[in-house]
Every structure is written in C-alpha cells, then in structure tokens.
Amino acid sequence: TSLVEQKPRWVLVPRGQAETLRCILKDSQYPRMSWYQQDLRGQLQVLASLRSTGDEEVINLPGANYRAKRVSESELRLHVANVTQGRTLFCTCSKDTVRHPNWENE
C-alpha cells in the first residue's frame with residue numbers, strides 16, 4: 001500500500017513549459033510531505049519538506065525553478081517551470097524530519 005499518490009503519475013515537461021504536480025497523502029500518521037529530484041546521474045536532492053497547510057517554498061536551481069506549497073493537510077503541490085535539464089521528481093511522506101542548520105545555506 002502506498003502512503004502517497006503522485007498526480008499525474010508520469011509527466012514530461014517540455015522545455016519552456018510549466019506543470020503542477022500534486023502529492024496526495026493517504027495516511028495522516030505521516031504528516032510531513034516532501035518533494036525530491038533525482039538528476040540523470042542519479043544524484044538525489046530534497047527540494048522542499050513542508051508540514052503545515054499554507055507552508056510554501058520557492059526553489060530556483062540550475063535546470064528548473066520550483067514552487068512547493070502545502071495546500072491542505074493531505075496535499076502538497078509542486079509547480080515546475082523553466083525546465084532545461086532532465087530529472088525525475090517524486091514525493092514522500094514521513095512522521096517528521098530533522099534539518100541540519102547548514103542545509104539552509106546549500
């Protein structure tokens with residue numbers, strides 16, 4: 001059984017286009033929701049990890065711009081724009097997370 005459902009499950013965002021992905025939480029025991037990206041070399045990177053409704057984060061990286069928003073207790077959205085490099089995006093959930101203070105500067 002999956003704890004989250006990603007909608008659309010698969011999508012190809014053409015260069016210069018934008019897309020909004022939705023992550024739906026199926027088990028409220030895991031309230032923290034996160035979006036990750038994996039590049040073509042297999043490097044994994046957390047984009048955003050949001051817990052509360054209304055939380056929002058803007059992430060500008062080489063190859064794509066992102067805006068993550070926790071729109072409800074059970075949904076996290078990721079707007080993807082200005083894509084110039086291939087990558088795989090996926091969502092996860094967890095009970096909670098500990099962030100290292102230096103992560104904010106990376």
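Biologist: Which side chain is joined to that of Ser49 by a polar contact?

Modeller: The side chain of Ser34 is joined to that of Ser49, by a polar contact of 2.9 Å (a pair of N or O atoms within 3.5 Å, where within protein one must be able to donate a hydrogen and the other to accept it, and residues adjacent in sequence count only if both atoms are side-chain atoms). This is a predicted model, in which local features need pLDDT of at least 70 and side-chain atom pairs count only at pLDDT 80 or more, while totals for chains, interfaces and linings use all residues. Residues are numbered from 1 along each chain as its sequence is written, and side-chain values use heavy atoms, leaving out hydrogens and water.

Biologist: And where is Ser49 found?

Modeller: Ser49 is found in strand 4, residues 44–50 (strands are DSSP runs of E, at least two residues, numbered from the N terminus). Ser34 has Ser49 as its bridge partner in strand 4, and strand 3 (residues 32–39) pairs with strand 4 in the antiparallel sense over six bridges (pairing takes at least two DSSP bridges between two strands).

Biologist: Is Ser49 buried or exposed?

Modeller: Ser49 counts as buried because its relative accessible area is 12% (buried means under 20%, exposed over 50% and partly exposed in between, with a 1.4 Å probe and protein chains only).

Biologist: What order do the strands have in that open sheet?

Modeller: The open sheet of three strands has the order 4-3-8, with antiparallel pairing. Strand 4 and strand 8 (87–94) each have a single partner strand, so they stand at the edges, with one side of each left without a neighbour in the sheet.

Biologist: Switching topic, how many disulfides does the structure hold?

Modeller: The structure holds one disulfide (a pair of cysteine sulfur atoms within 2.5 Å), formed by Cys23 and Cys91 with their sulfur atoms 2.3 Å apart. This pair links distant parts of the chain, with Cys23 in strand 2 and Cys91 in strand 8, 68 residues apart. Both Cys23 and Cys91 are buried, and their link is right-handed, with 80° about the S-S bond.

Biologist: What does strand 2 run antiparallel to?

Modeller: Strand 2 (residues 19–25) runs antiparallel to strand 7, joined by six bridges, and Thr20 has His79 as its bridge partner in strand 7. Strand 7 also runs antiparallel to strand 6 (residues 64–72), with seven bridges between them, and a hairpin of two residues joins strand 6 to strand 7.

Key. Helices (H or I, at least four residues) and strands (E, at least two) are DSSP runs, numbered from the N terminus.
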